[in-house]
Amino acid sequence: MADTKNNKESLVFQAEVSKLLDLMANSLYSEREIFLRELISNSADACEKLRYEALSKKGLLGKEKELKINIRVSKKKKIIEVEDNGIGMSRQDLIDNLGTIARSGTNKFIEAMKTKKGDDLSSIGQFGVGFYSSYMVADSVKVLSKSAELEESFLWSSKGKDNYIVESFSKENRGTIVTLNIKKDSDEFLDSFRLRSIITKYSNYIPFPIYLKDLDNKEKEEKINEGNPLWLKDKKNIKPEDYKQFYNNISFNFDEPLKTIHYNAEGVINYRALLYIPTNQPMDLFQQDRKNKIKLYVQKVFITDDCDEIIPNWLRFIPGVIDSQDISLNISREMLQNNPVITKIKKGITTKILNEITTFSSKEVDTYHKFWSNFGAVIKEGLYEFNDHHDKILPLLRFQTSESEDLISLDDYLKKMKSDQKEIYYFANTDKDHIKNSPQLEGFIANKIPVLFMTDAVDEFWLQNIQKFKEKEFKSITKGKVDLSKLKKDSDKKDNINKNVTKINDLINVLKKELEAKISNVIISDRLTKSPILLVADETSMDINMEKLMKMHNKKTQDSKKILEINVDHPMIIKLSETLTKVDHKKLSNLLLDQANILDGNVLSNPTNYIESLTDLFIKP
Ligand code: ADP
């Protein structure tokens, strides 16, 4: 290893990296041991990348056919080395990869740390913070690397402060050696028994052999990890802890798997699948650029973890491995698109996962409700896209209702329906409090007609796609006319004999005339019991909440004209109809419309007018 002293360059870390390094070096933490998990995981990735490249580039592996990871430790020298003979890094790779922050998990970690006290890194193990975690245990780190496709090799080194050095440095074989100079307070990690237990704890199922050698004694290096691909083993021989560790390795989730789905598909397409349902919601679940977490292998050879087509996006929270001998080893990643084998695998695993979810939805209700609160909104995306799974997804849905906070399914709803009820009533709004306090619900609550609360933004979208469940149509109670006459309790079926129908009609006509430009119609409400007035969307136009959502995304969306419903049993409406001749019709009409808007949670365009009219009413009642 002669130092040629060529091309030596000192570079400054990206600001976020410096911040992260500072956190790593100066904090108190309880899970420092994860640095080794992170380095081994990088080495395994480098081996997988090389093995994949070698499929199309003959001779790339050269003489070193066995891909492996070597860990060396010396108490005397106070060093730990992690070496792999994987893909290696060029000079530019070293700068791009180890001078900036690439991994979204790391950014998340920094975000999370900002909201915590500076010295609390206790939950660091839940984040994949990658290479930089070396600085938890090391005061300086060297990375010597030779790319599999280049002759030159380079040394990256840094004390983990503001800058790092990159220089030419000779290295015989391809791959990477990361050397950590262990800090005084971390010398516990210089013990080879400790390292062995960390490797088996976190990295047992890394699919390359991991060898450990204590440089201070003469004993031979020893292979530590199990290594054989877990997904190919017989289920009978796999312990729950093995499944868990593998799950943690592949997903970068550090919770327990809620369910493990491990099976062999034989038939038209043969593949082996090991899939997990997580317990907790991954932090980046709703991030736009989030990809699925499925790794695709062909006969134990890693092909890609970037195949959109292998699992629907609405199951993107499921990590796992698919290994199939029915895909050609020489397949390029591009050729995976529109590949009939992949399409069949996708269909197979989707059905399998939905079956598993269906089973535990009825057998383990509490667990299922927790699962639903974490992943329900994502699964509903599956109803918005065109696919064959709607019949399996719909029974999985759970909702709170106007009757109780307890979650119910659509089947439960059908059982609760009144005998004359033809439609499944729902109220869609992401603000549950708004729904609960909304006048739209009054008539339903008074008559004990259940209404489903649809509180995920995605609800509005899938409801446009799915009109019915078991022949019953979904009906928004914020849109169009709701005819509750048949469903009302007898005590509520008051006839209008005592009301002065002419006067009410006069009021309706006044409102229609004065508000002609602003609303499409004025009708007598069937659903109001307490509030005097209400705005609803026209049957043919967009649901009110949908319109608000669309406006948030596209400011140009035109306001559609609403229907004004009035409660003719309300004392205010009765009084107004009786005193109609004594008041200014324009002011009265606008005042009522403003009230309806306030009830609907809208901001008034001219609050001054509203207050003036209201004040007028007080002064000249
Ligand atoms: P991540 O592994 O999540 O991308 P890291 O900070 O751990 O984040 O590593 C950054 C990048 O550095 C990796 O994506 C990879 O490209 C490169 N890298 C790290 N270690 C190695 C290695 N042993 N061999 C080849 N490349 C590596």
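I started at valine 298, whose bridge partner in β13 is valine 301. This is a predicted model, so I am reading positions off a prediction. I then looked up the strands around that pair: β12 covers residues 293–298 and β13 covers residues 301–304. They run antiparallel, and 3 bridges join them. The hairpin leaves 2 residues between the strands, and glutamine 299 takes a positive phi near 45°.

**Entry: overall counts**

The protein has 19 helices and 22 strands. Of its 621 residues, 52% count as buried. I also checked contacts with a separation of 6 or more: residues 24 or more positions apart account for 72% of them.

How many residues of β2 are buried? I went through residues 69–74 and found that 6 of 6 are buried. Ile69, Ile71 and Val73 point one way from the strand. Asn70, Arg72 and Ser74 point the other way, and they are buried too.

Then I looked for what pairs with β2. On the antiparallel side of my list is β3 (residues 79–84), paired with β2 over 6 bridges. Serine 74 has isoleucine 79 of β3 as its bridge partner. The two strands form a hairpin with 4 residues between them, and in the turn lysine 78 has a positive phi of about 60°.

β2 also pairs with β8 (residues 210–214), in the parallel sense and over 5 bridges. Here isoleucine 69 has isoleucine 210 as its bridge partner in β8.

**Entry: the β15–β19 sheet**

I traced an open sheet of 5 strands, in the order β15-β17-β16-β19-β18, with mixed pairing. Its edge strands are β15 (400–401) and β18 (468–469), each pairing on one side only. Inside that order I looked at β16 (residues 423–428) and β19 (residues 472–476), which run parallel and are joined by 4 bridges. Tyrosine 426 stands opposite serine 476 in β19.

**Entry: the β20–β22 sheet**

Another open sheet has 3 strands, ordered β20-β22-β21, again with mixed pairing. Why is one side of β20 and of β21 left without a neighbour in the sheet? β20 (519–524) and β21 (533–537) stand at the edges with a single partner strand each, so one side of each stays without a neighbour in the sheet. On average, neighbouring strands here are turned by 25° against each other, direction ignored.

I followed β21 to β22 (residues 562–566): the two run antiparallel and 5 bridges join them. Alanine 537 stands opposite lysine 562 in β22.

Which helices lie across these strands? I found α15 (residues 501–514) across β20 and β22, running at about 170° to β20. I also found α18 (residues 585–599) across β20, β21 and β22, at about 70° to β21.

**Entry: cysteines**

I looked for disulfides and the count comes to 0. Cysteine 47 has a relative accessible area of 0%, so I logged it as buried. Cysteine 307 comes out at 4% relative accessibility and also counts as buried.

**Entry: aromatic rings**

The structure holds 21 aromatic pairs. I opened the one between phenylalanine 131 and tyrosine 132: it is edge-to-face, 5.6 Å centre to centre, with 70° between the planes. Both phenylalanine 131 and tyrosine 132 are buried.

Why do I call the pair of phenylalanine 360 and tyrosine 368 edge-to-face? Their centres are 5.6 Å apart and their planes are at 75°, so the pair gets that label, given that planes over 60 degrees apart count as edge-to-face. Phenylalanine 360 is buried at 2% relative accessible area, and tyrosine 368 is buried at 0%. These two belong to one aromatic cluster made up of Phe317, Phe360, Tyr368, Phe371, Trp372 and Phe375.

**Entry: charges over rings**

Last, I looked up charged side chains over rings. Arginine 37 lies over the face of tyrosine 202, at 5.6 Å from the ring centre. Lysine 352 has its charged end over the ring of tyrosine 263, 4.5 Å from the centre.

How values were computed
Residues numbered from 1 in each chain as written. Predicted model: local features only at pLDDT ≥ 70, side-chain atom pairs only at ≥ 80, totals over all residues. Heavy atoms only, no water. Pairing = 2+ DSSP bridges. Axes fitted to C-alpha atoms, helices over the stretch in contact; angles between N-to-C directions. Contact = heavy atoms within 4.5 Å. Disulfide = S-S within 2.5 Å. Buried < 20%, exposed > 50% of the residue type's maximum accessible area, 1.4 Å probe, protein only. Phe/Tyr/Trp six-rings, centres within 6.5 Å; stacked < 30°, edge-to-face > 60°. Lys NZ or Arg CZ within 6 Å of the ring centre and 35° of its normal.
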